[in-house]
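Here is a short briefing on one protein chain. Please look over the sequence and the 3D structure before reading the points.

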Amino acid sequence: MTNKKVVLVTGASSGFGQLIAQKLAAVGYCVFGTSRKEHPASHGVEMLTLDVTSDSSIESCINQLLTRTNRIDLLVNNAGQIHASMIEETSLEQAKEIFETNFWGVVRVTNAVLSIMRQQRSGHIINMSSVAGLIGAPGQGFYSASKFALEGYTEALSVELDPFNIQVSLVEPGYFKTNFNLAMLQPTKISSDYDNVRDVIISSVQGAIAQGDNPDKVAQAVFRIASSSSPRLRYRVGYEAQWLPRLRAILPDHLFRFGARKRLNLP
C-alpha cells in the first residue's frame, strides 16, 4: 500500500519509457516500469515483467501491481515496435506483429486497468503516439498505420471515459535522440526496385534521430500532462511534431509531398 500516486509505464527499460518512469519517480510518484525481460529496480522505479502481446502476461503484471498498491492512478502506454521497410517489402505477419505491440498492446493493457480506474472514479491514461500518427511516414508505413489507429482509438476512449472522471491523453513526439531506431524490424522480402529509396529513407530517419532533440523533453512533457488538473487530449512535442501537421493542413497536397520528399532526400 502507498499514499503516493501509482504509475505503470510500459516499455520502461530504455528510451522514452525509461526517462518517463525515472522522471515521475523523481518527483514523488510510486512508479512501476515494465519490460519483456527481467530488469532490476533503478532510480526509484520498480520493474515488472510484461509482454503487451500476451493476455496472461498482462494479467499477471497487473495483479502483482495491485497486490502491492491496491490502486493505479496513471498508465503510460509507451511500449512500441518500429520497422524500416517499404510497405510491399513488409510481410503480413510482420505488419501484424507491429500492430500487436503498438495498437493491440495498448488496448490490452488499458482494458486490464479500466475496471480499477472506474471503481476509483479517477485515473489518467497517456498513450505515446508519434508525428507518424498524424502524417504517413514512407519506409515505416505500418508503424505509421498503427499510430493512426492509436489516435482514433484514444480520441473515442477519451469521450467514453468522461463520466468516470478518467482522463485520456496522447503524446505525439517528433524525432528525438533515442535508441529506438536500433530495434527496427527489417524487410522480410527485398525488391531491388526499392533499393535506392529504402536506403535513403533509412539513412534520413537515422540521421534525424541522431540529430534529434533531448528526449528528456518528452519525459518533462509527460510529467506536466500527468500533473495537470485538466489535461488536453493531444500534446505535440518536438520541432517536427509542431510544424509538420500545420504545413500538412495549409499546403496543397502536391506541395507538401514535394517538401516531404526533399526532407527525406528522395528524388
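The points below cover the annotated domain, the cores, selected helices and selected residues.

The model is predicted. An unreviewed UniProt entry annotates residues 5-164 as "domain: Ketoreductase". Over that range the chain is 48% helix and 16% strand.

**Nonpolar cores**

- The largest nonpolar core has 31 residues. Leu-65 and Ile-125 touch the most other members.
- Strand 1 (6-9), strand 2 (30-35), helix 2 (55-69), helix 3, helix 4 (141-160) and strand 6 each supply at least two residues of this core.
- Helix 3 contributes the most to this core, giving eight residues.
- A second core of 26 residues is separate, and its members include Ala-12, Leu-74, Val-76 and Ile-126.
- In soluble globular proteins, nonpolar side chains tend to be buried together.
- Leaving out residues up to four places away in sequence, Ile-125 touches Leu-75, Thr-110, Leu-114, Met-117, Leu-157, Leu-161, Ile-166 and Val-168, among others. The contacts of Ile-125 also include Asn-77, Gln-167 and Ser-169.

**Helix 6**

- Helix 6 spans residues 216-227, twelve in number. From first C-alpha to last it reaches 17 Å, close to the 16 Å expected at 1.5 Å a residue.
- Its buried residues include Val-218, Ala-219, Ala-221, Val-222, Ile-225 and Ala-226.
- Seen down the axis, the buried residues of helix 6 fall within an arc of 160 degrees, so they line one face of the helix.
- The cover over these buried residues includes helix 1 (15-26), strand 4, strand 5 (123-128), strand 6 (166-173) and strand 7 (234-237).

**Helix 7**

- Helix 7 takes in residues 239-250 and also has twelve residues. Its first and last C-alpha atoms are 17 Å apart, close to the expected 16 Å.
- Glu-240, Ala-241 and Pro-245 are the buried residues of helix 7.
- These residues cover an arc of only 105 degrees around the axis, which puts them on the same side of helix 7.
- Strand 6, strand 7 and helix 8 (253-263) are what the buried residues of helix 7 pack against.
- The face turned away from the buried side carries Tyr-239, Arg-246 and Ile-250, which are exposed.

**Ser-91**

- Ser-91 sits in the loop between strand 4 (74-77) and helix 3 (92-120).
- Is Ser-91 buried or exposed? Ser-91 counts as buried because its relative accessibility is 18%, and the cut-off for buried is under 20%.
- A polar atom of the Ser-91 side chain lies 3.1 Å from the backbone nitrogen of Gln-94.

**Lys-189 and Arg-198**

- Lys-189 lies in the loop between strand 6 and helix 5 (195-210), while Arg-198 lies in helix 5.
- Lys-189 has 48% relative accessibility, so it counts as partly exposed. Arg-198 counts as buried, at 7%.
- Which residues does Lys-189 contact, leaving aside neighbours within four places in sequence? They are Glu-88 and Glu-89.
- With neighbours within four places in sequence set aside, Arg-198 is in contact with Met-86, Glu-89, Pro-187, Ile-190 and Ser-191.
- Lys-189 and Arg-257 are 68 residues apart in sequence. In space they are 26 Å apart, C-alpha to C-alpha.

Conventions. Residues numbered from 1 in each chain as written. Predicted model: local features only at pLDDT ≥ 70, side-chain atom pairs only at ≥ 80, totals over all residues. Heavy atoms only, no water. UniProt positions renumbered as here; feature names shortened; annotations may be inferred. Helix = DSSP H or I, 4+ residues; strand = E, 2+ residues; numbered from the N terminus. Buried < 20%, exposed > 50% of the residue type's maximum accessible area, 1.4 Å probe, protein only. Polar contact = N/O pair within 3.5 Å; in protein donor to acceptor, adjacent residues only side chain to side chain. Expected span 1.5 Å × (residues − 1). Arc of directions from axis to C-beta. Contact = heavy atoms within 4.5 Å. Core = buried A, V, L, I, M, F, W, Y, C linked by side-chain atoms within 4.5 Å.
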